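Me: I'd like to go through the aromatic rings in this one. Can you take my questions in turn?

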Amino acid sequence: MTNANSTCLDNIKKTQTFLALSSFEGIVTLIILAAIPRELSAGHLFGYSLSRLAMMTGMFLISVVLFGILIWLRHRPDFGGKLVERLEQASNRVLWFFVVLLSLGFLIISFLLLQWLFIATDEYLRAYLQRLTPVLVYAELLCIQLLIFARGQLISQKTVWRFRVFVLGILTLLPWLLVLEYFVVDSAFPAYYVAERYLSEFRIVLPLALFVTALYAQILVFVLRQYLNIKVSLGWVAALLFIIVGYYYYNASMHHAEMVNDNPEHSDQSAYMEFARMAHETNFSYTGVRNQMPLYPYVQALFYRPELGDAAFFEQGKQTNIILSLVLLSGLFVVFRQYLSIHRATVLTLIIAVGLFIFKSAYFTSELLYYTLSFIGFLMMGLMLLTPSLLLGVATGVILALTYLTKASILPALAAFAFTFLVKEVVVFFRSKRVTVKQADVTVKQAEKKERIQRLASFSLVLIVFLIVLFPYLRESKQKYDHYFYNVNSTFYIWYDTWTEAVQDTAQYGYRQHWPNLPPEEIPSWRNYLRAHSFVEIKTRLLTGLEKQIIYLGKPYSAVNYILIYNLVMLLLVPWVGLKQLGEMIKRYFPLLLFFLLNFFGYLVLFAWYFPLAGGPRFIYGLFLPVAFFLFVVTDKLSKHIDSTKIKINENGHFYLLNLVDAVVFATLLIDFYYVITTKLPGGYFGS
């Protein structure tokens, strides 16, 4: 009985709040109607027209009635009990469905009238819109508040959440009404509107509509799905999203390929075309002149036909690369899904698609294939540092070999992996030696020795399989150039000061055909470079290159630096974890951290050194995938170590603050994607 009285009093208070708010809004609407300039020539009482007097009288009566009921409730509690009882009796599906439809109708009409008011040119129409819009807005507020205060206090918590979802959906619908208005405005009111006048507003509102819709969809699916009992598979939702994004991705890339990337002589594209043609004509026995590596041209050669001319083959190759980029993105999503939730994997995949892949997709070059293979190689080497096995060692060796056949740039990463693995084994050996000496347990020693042999065997398999896969290519390099790992870029070009000098010496000494017939002191090498340059010159070259690489890292192709966002999130999460837990995590994953840092800073220095010969961000963006994945995994693990970042939904579910960051980033990505495909991609060249 006490609980029933408490619920009744609570409902009466909520009803009083509803009446007070509605009365106040009615008075405000009345003031707005009175403040609109009067029509003195057509006026009657106080210079107001009959139509406005009728609206003002109606608003006054509604406000007085609502305020009167409020006063009556405060002085007659028994009347409040009867009113709540009547509301409960009237609380049926038909009535509330009618109220919902009415509120939705008022919302659409008032919103459209408000927009037409801002862009209408006819004074007579503007006068009607000025007077009618406040009344409709008040009616809409009245319906929404009736649903919030009356409906929400009489039904279950689950239904209240459903209503909140409905309200959020209405708010999400608002910008889409503006988008719709752009398309129907001429046909609806041809005398007053011209669609071109509304184009600038449309370009602003459409990204806004995408943003709020993305946020609403994520709230609906990830936060409220337990309350709403939604059974839709998130995998199917992600698949539908990727189909839609992929459609616009493909069309935007094709347009860029046709309108911007129309010259194969730029960005080594003609060299790759010639390589692919030669590979097809020699039945894939041609392996190149040790500048471009063979794997990507071999992929393009699969689709080459002798009857194709240069122009047709160029167009076909660009289209092939666009399709390849979509396939690679699908594969990356599958990989990400093994370590991240479907939501986070989707966000990371879209970051890579919008921030990098779409800009490189329309070019006859190997960057995207190399970015993907090098990332998978990076990931597998990381797994080898944590949980090495014989099968993983074989797979890692194969992937690294394929990556090398795409670009020789993978060798420094392999060296960093070997160094880190051996350092880890030395540390583990001395730690286990101290422990086993104390235990003096022969069985423990034998088990540790067996595990150590298996780890070293798996590491050896990486190198052995890597060399076995590459052996035909390396043997040809040795026969033709007298060096197994010969590549003109890393063997000679890297020791020149300018690209012009490198090209001139290549033409004179035939670097791409054979080893130069020169005295050792004249062959470009690190020893000869150090002999010919001062310390100041070397420092200037390195610092200038580092400055450029840092600029590239700070200014990505996309409009938003998503890597920076997650770097800041990670820095904010670190103090929350605590020094003790953070120290334990670093200790546990130290080999991975060391490997990551060696890769990042090692490549940063190498690309800085190579900058005078080939600029542009395409080199440093080879680190984009490993860095992005590293940040996502680290922030995921940090967040799950912090209870204060956990937000409870109900007894059976929760989500983390990091999910909100992902939600906002996801919504921002859609705006970025719109900006990229409509503005940035059609107006820029991204081949080098």
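Me: How many aromatic pairs does the count come to?

Reply: Keep in mind that this is a predicted model. Rings pair if their centres lie within 6.5 Å. By this rule the count comes to 44 aromatic pairs.

Me: Take Tyr-529 and Trp-609: is their pair stacked, tilted or edge-to-face?

Reply: The centres of Tyr-529 and Trp-609 are 5.1 Å apart, with 70 degrees between the planes. Planes over 60 degrees apart count as edge-to-face, so the pair of Tyr-529 and Trp-609 is edge-to-face.

Me: Which helices hold Tyr-529 and Trp-609, and are the two buried or exposed?

Reply: This pair links distant parts of the chain, 80 residues apart. Both Tyr-529 and Trp-609 are buried. As for the helices, Tyr-529 is in H20 (residues 526-532) and Trp-609 is in H24 (residues 590-610).

Me: Phe-600 and Phe-601 pair edge-to-face too, at 5.2 Å and 90 degrees. Why does Phe-601 not count as buried?

Reply: Buried means under 20% relative accessible area. Phe-600 is at 18%, so Phe-600 is buried. Phe-601 has 46% relative accessibility, so Phe-601 counts as partly exposed.

Me: Which residues do ring pairs link into a cluster with Phe-600 and Phe-601?

Reply: Ring pairs are what join this cluster. Besides Phe-600 and Phe-601, the cluster has Phe-378, Phe-417, Phe-421, Phe-459, Phe-595, Phe-596 and Phe-630.

Me: Which charged residue sits over the ring of Phe-421?

Reply: Phe-421 belongs to that cluster. A charged end sits over the Phe-421 ring, 4.9 Å from its centre, and the residue is Lys-424.

Notes. Residues numbered from 1 in each chain as written. Predicted model: local features only at pLDDT ≥ 70, side-chain atom pairs only at ≥ 80, totals over all residues. Heavy atoms only, no water. Phe/Tyr/Trp six-rings, centres within 6.5 Å; stacked < 30°, edge-to-face > 60°. Helix = DSSP H or I, 4+ residues; strand = E, 2+ residues; numbered from the N terminus. Buried < 20%, exposed > 50% of the residue type's maximum accessible area, 1.4 Å probe, protein only. Lys NZ or Arg CZ within 6 Å of the ring centre and 35° of its normal.
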